[in-house]
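Visitor: I am new to this structure. Please show me how to read some of its features.

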Amino acid sequence: MTTAASQIDIDRDKGDFKYEESHKYDAGYGLTEKTIDYICDVKGEDDWIRDFRKRALKVFESKAMPTHWATKDLDNIVFDNIRYYLAGDKQAKKSWDDVPDEVKETFERLGIPENERKFLAGVEAQFDSEAAYSNIKEAVAKDGVIFMGSTEGLMKHPELFKKWFGKVIPTGDNKFSALNSAVFSGGSFIYVPPGVKVSHPLQAYFRINAENFGQFERTLIIADEGSEVTYMEGCTAPKFDTATLHSAVVELVAMPGAKIEYITVQNWSSNVFNLVTKRAVAHENSVVKWIDCNIGSRLTMKYPGVVLKGRKARGEVMSIALANDGQHQDTGAKMIHAADETTSNVISKSISVGKGRSTYRGQVHMPKHLKGCKNNTECDALLINSDSRTDTYPAITVRGDQNYVQHEASVSKVSAEQIFYMQQRGLSEAEAMSLSVNGFVNDLTRQFPMEYSVELKRLIELEMEGSVG
Amino acid sequence: MEAETGIDESIRYDFQNHIDSLNTAPEWWIQYKQDAFDSYMDLPLPRRSDENWRFANRSDLDVERSYAFDGESSLADRSKLEQASQFTETQSGSYVFADNQLVSANHAPQELQDKGVIWCSISEAIERHGDLLKDYFMKQDVDLGSEKFAQLHSAFVTNGILLYIPKGVEIDAPFCAYNWASTPNGAIFPHTLVIAEEFSSVRLVEAHLSDGEDAALSCGVTHLFAGIGAKINYTHVQNFNEQTLGFQINSNIAGKDSQVEMNSVILGCRHYRSETHGQVKGSGAHVDMRSMALTDAGQEIDQRTLQTHSAPNTTSNLLFKNALKEQSKTIFSGLIKVDEGAQQTDAYQTNRNLLLSSNAEANSLPGLEIEANDVKCSHGATTSEIEDEEIFYMLARGIPREAAQELIVYGFFEEVLSQIADETLAERTRELIRAKFRG
């Protein structure tokens with residue numbers, strides 16, 4: 001049997017580095033009204049934002065930890081030991097030349113080829129709290145697409161921002177959305193005008209660079225009538241000894257007929273608490289698809305949701321979670337049906353390696369007086385070692401007329417016969433295992449954009465190394 | 001505040017009366033009840049944040065306000081109830097209780113008694129089989145949310161049955177226990193304790209029924225203990241009137257190579273909460289848990305289940321089916337728990353909800369917690385209406401729509417009913433279902 005010692009440590013070579021910290025702005029440790037005043041002053045925010053943040057702080061303080069259902073590990077977060085705002089420079093960079101060398105080095109270490117850097121449509125790289133580099137590819141801007149840091153968006157497009165900001169995920173939704181509302185900085189703001197189909201996926205890389213530094217991005221994406229947009233975020237983070245908190249809020253608005261695809265590959269280092277609230281509102285005939293891939297972090301709690309508000313709206317969540325030693329991937333999906341003939345589909349695959357634990361939590365809600373709604377949920381879990389663990393906790397409420405819900409979950413292990421077969425053909429046990437695991441998630445990874453599925457495949461191979469033998 | 005003190009006093013007064021009425025009971029039993037009552041008073045009512053009560057109606061759980069625990073009965077016609085307590089063709093013995101009091105008893109045949117079979121009421125068991133009770137009475141954990149109500153049960157329980165089957169004894173004909181609720185706003189506490197020793201085999205049928213249409217409280221507990229290689233087949237029919245508030249706390253422990261089967265047919269109660277814990281403790285053990293419920297206007301059926309596998313090479317299978325008419329509500333919350341080291345576990349859980357009205361609400365919380373890797377576990381939950389095609393098929397054959405619906409619902413339940421071993425009992429339950437369906 002595999003012992004803990006023989007488990008390969010999660011390979012984070014790519015992300016295992018950090019810079020000299022040189023933060024011009026630092027709000028210090030702990031969170032009080034003063035911290036919020038500091039953030040507002042530095043960012044030069046309007047009073048309504050200051051009030052919004054302060055109200056959120058009160059909500060955050062009044063809410064209890066959700067440990068009556070969630071893992072007790074949450075109690076290990078010491079909010080006083082976290083710095084809530086750090087920024088190198090408050091202006092987002094405009095051109096490549098303005099990008100600090102340190103950030104360029106980050107791209108170097110991430111292995112992004114020179115030509116790809118230029119090719120990537122409007123790379124938005126977040127270095128600590130502020131967007132350090134933001135470049136909208138001209139072609140995209142010509143169509144009227146707004147793609148910028150959310151701080152900038154708040155300044156430049158308050159009329160758009162205010163209309164949707166905090167509407168999809170209200171401050172009081174949960175303790176961590178309240179925390180984010182109090183101290184948010186960074187994140188992306190995207191507006192796609194009616195009928196515009198953004199041809200390139202918009203991407204953002206997020207990094208955490210300071211010890212004990214929490215990131216609280218706030219992303220708001222609005223796809224106007226009949227438009228289409230794909231957004232990708234991928235994260236790697238340097239290794240630290242003390243826990244780091246990451247608590248983002250992502251709000252998507254799909255207007256009638258719009259299509260939004262939001263792709264996340266999460267590979268935080270194994271000391272990060274990743275507590276994220278993601279939700280979309282889907283109007284008539286729109287489609288929102290969350291593709292969510294969780295590989296890193298110590299504890300991830302993330303349940304992307306879609307509120308299906310317009311007739312024939314569709315919501316999808318495809319998720320892959322990989323939990324290794326010391327990790328708990330607590331992920332899932334929320335589908336709130338609020339109009340007739342809405343459909344939703346959730347496919348979740350999780351792999352638990354070593355002492356890793358993966359959890360699926362789901363909610364499907366179909367209230368009274370709705371007609372012809374459908375939901376399909378499939379959760380498959382693969383357990384690699386004898387001390388791996390997996391849980392499934394769906395909650396399904398159905399009322400109404402001609403509604404249909406089905407939920408299925410299964411738990412299994414890699415079949416010994418499969419491994420034997422591949423070994424007969426000259427593969428090592430580890431290679432066979434890795435191939436088998438990749439096969440398990442294959443039908444999902446196929447739906448990912450190519451570069452992500454390649455990266456994912458490599459990550460799974462790395463994670464599976466040494467898990468057998 | 002004054003009103004609350006008043007209620008507090010009234011249940012204390014009822015409990016004191018209850019203790020006083022047990023003048024011949026042994027000291028340990030009195031002490032046991034006293035402790036249970038104290039725990040009941042200490043434990044809080046279920047809270048909103050309580051995961052075990054998610055989606056549940058908690059507005060009527062403060063039972064002290066609505067029911068009398070003093071044990072007085074207004075029961076008039078005992079022979080009527082006795083005659084109505086005939087659910088099976090044959091029987092090895094039967095007990096009929098109404099308002100916790102004995103109505104009639106059919107003892108086990110002498111031949112079985114000679115082999116050491118014990119079939120007696122709990123009140124008799126307290127006098128004669130104290131040692132057995134000390135070892136087994138309420139010795140299975142209550143861990144699905146109704147801890148407080150289990151203590152209430154222990155504090156006030158006076159009757160129910162004890163069935164003890166010694167090693168190697170196999171009995172074909174079922175034992176039957178009937179519990180009636182009769183007095184308006186009264187409370188009954190049916191208790192069922194089955195102990196099947198090594199390689200024994202036994203069947204038990206239990207029915208919970210109402211005499212009249214008055215509101216009442218039932219707070220029952222069933223514990224099954226299956227020793228090595230033992231077989232227990234238990235069928236429970238709940239057909240209280242639709243004013244009743246019912247709690248039913250079931251648990252079984254399946255030892256090595258044993259087989260436990262639990263079937264429930266649920267038709268009655270305004271609000272019914274059942275908890276069933278299948279503890280698969282010995283390797284080679286197999287546990288089956290099945291249930292069917294038919295609900296109509298105003299009913300809430302809240303079922304929580306747990307399948308715990310703590311030994312390798314065990315299997316369990318759960319099938320809970322609900323058909324919902326009118327404005328009614330069901331909650332199914334089930335969890336499969338496979339402990340570390342319980343390898344080669346096969347555990348399945350299926351919940352099917354058939355919505356027959358757009359006002360019906362089905363909640364489903366099927367869960368898994370798996371800590372062993374060499375297992376086959378799955379759960380499936382579906383909720384839907386009758387498919388148009390099925391109706392169309394029957395319409396095309398000249399069957400009117402209503403009859404077609406009815407047939408489909410009966411067919412839906414047949415998956416559970418066909419597993420009831422006693423044909424007369426199965427037929428009896430089909431009659432009850434038909435009567436209810438046609439309202």
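Visitor: Is Asn100(B) buried or exposed?

Guide: First, a caution: this is a predicted model. To judge burial, count the other C-beta atoms within 10 Å; 20 or more means buried. Asn100(B) has 25 of them, so Asn100(B) is buried. Asn100(B) sits in the loop between β1 (93-98) and β2 (101-106) of chain B. The backbone there is worth a look too: Asn100(B) is not a glycine, yet its phi is positive, about 70 degrees.

Visitor: Where is Phe199(B) found?

Guide: Phe199(B) lies in the loop between β7 (191-196) and β8 of chain B. Phe199(B) is not a glycine either, and its phi is positive, about 55 degrees. Phe199(B) has 17 other C-beta atoms within 10 Å, so Phe199(B) is partly exposed.

Visitor: Which residues of the largest nonpolar core touch the most other members?

Guide: That core holds 236 residues. Those touching the most other members are Ile190(A), Ala223(A), Leu252(A), Ala254(A), Ile260(A), Leu163(B) and Val194(B). Strand β13 (residues 272-282) of chain A gives the most to this core, with seven residues.

Visitor: What is Val194(B) in contact with, leaving aside its neighbours within four places in sequence?

Guide: Val194(B) is in contact with Leu163(B), Val202(B), Leu204(B), Leu224(B), Phe225(B) and Ile232(B).

Visitor: Which domains does the assignment of chain B give?

Guide: Domain 1 covers 2-282, and domain 2 covers 388-439. Their C-alpha centres lie 30 Å apart. To read how they meet, look at each side of the contact. Domain 1 of chain B brings 13 residues, and domain 2 of chain B brings twelve.

Visitor: Which element gives the most to the side of domain 1 of chain B that touches domain 2 of chain B?

Guide: β10(B) does, with four residues. Elements giving two or more residues to that side are β8 (201-210), β10 (231-239) and β12 (259-266) of chain B. By class, the residues of this side are six nonpolar, five polar and two charged.

Visitor: At what angle do α9 and α10 of chain B pack?

Guide: Read the angle, the axis distance and the handedness. Helix α9 (residues 401-417) and helix α10 (residues 423-437) of chain B pack at about 145 degrees, with axes 11 Å apart. The crossing of α9(B) and α10(B) is right-handed. From α9(B), the contact uses Glu406(B), Val409(B), Phe413(B) and Leu417(B). From α10(B) come Ala426(B), Thr429(B), Arg430(B), Ile433(B) and Phe437(B). The classes here are six nonpolar, one polar and two charged.

Methods. Residues are numbered from 1 along each chain as its sequence is written. Chains are lettered from A and ligands numbered from 1 in the order in which they are written. This is a predicted model: local features need pLDDT of at least 70, side-chain atom pairs count only at pLDDT 80 or more; totals for chains, interfaces and linings use all residues. Domain bounds come from an automatic or database domain assignment. Two residues are in contact if their C-beta atoms, placed from the backbone, lie within 7 Å. Ala, Val, Leu, Ile, Met, Phe, Trp, Tyr, Cys and Pro count as nonpolar, Asp, Glu, Lys and Arg as charged, and the others, Gly among them, as polar. A nonpolar core is a set of buried Ala, Val, Leu, Ile, Met, Phe, Trp, Tyr and Cys residues joined through C-beta atoms within 7 Å. A residue is buried if 20 or more other C-beta atoms lie within 10 Å of its own, exposed if 12 or fewer, and partly exposed in between; C-beta atoms are placed from the backbone. Axes are lines fitted to C-alpha atoms, for helices over the stretch in contact, and angles run from 0 to 180 degrees between N-to-C directions. A crossing is left-handed if the near helix is turned anticlockwise from the far one by less than a right angle, and right-handed if clockwise.
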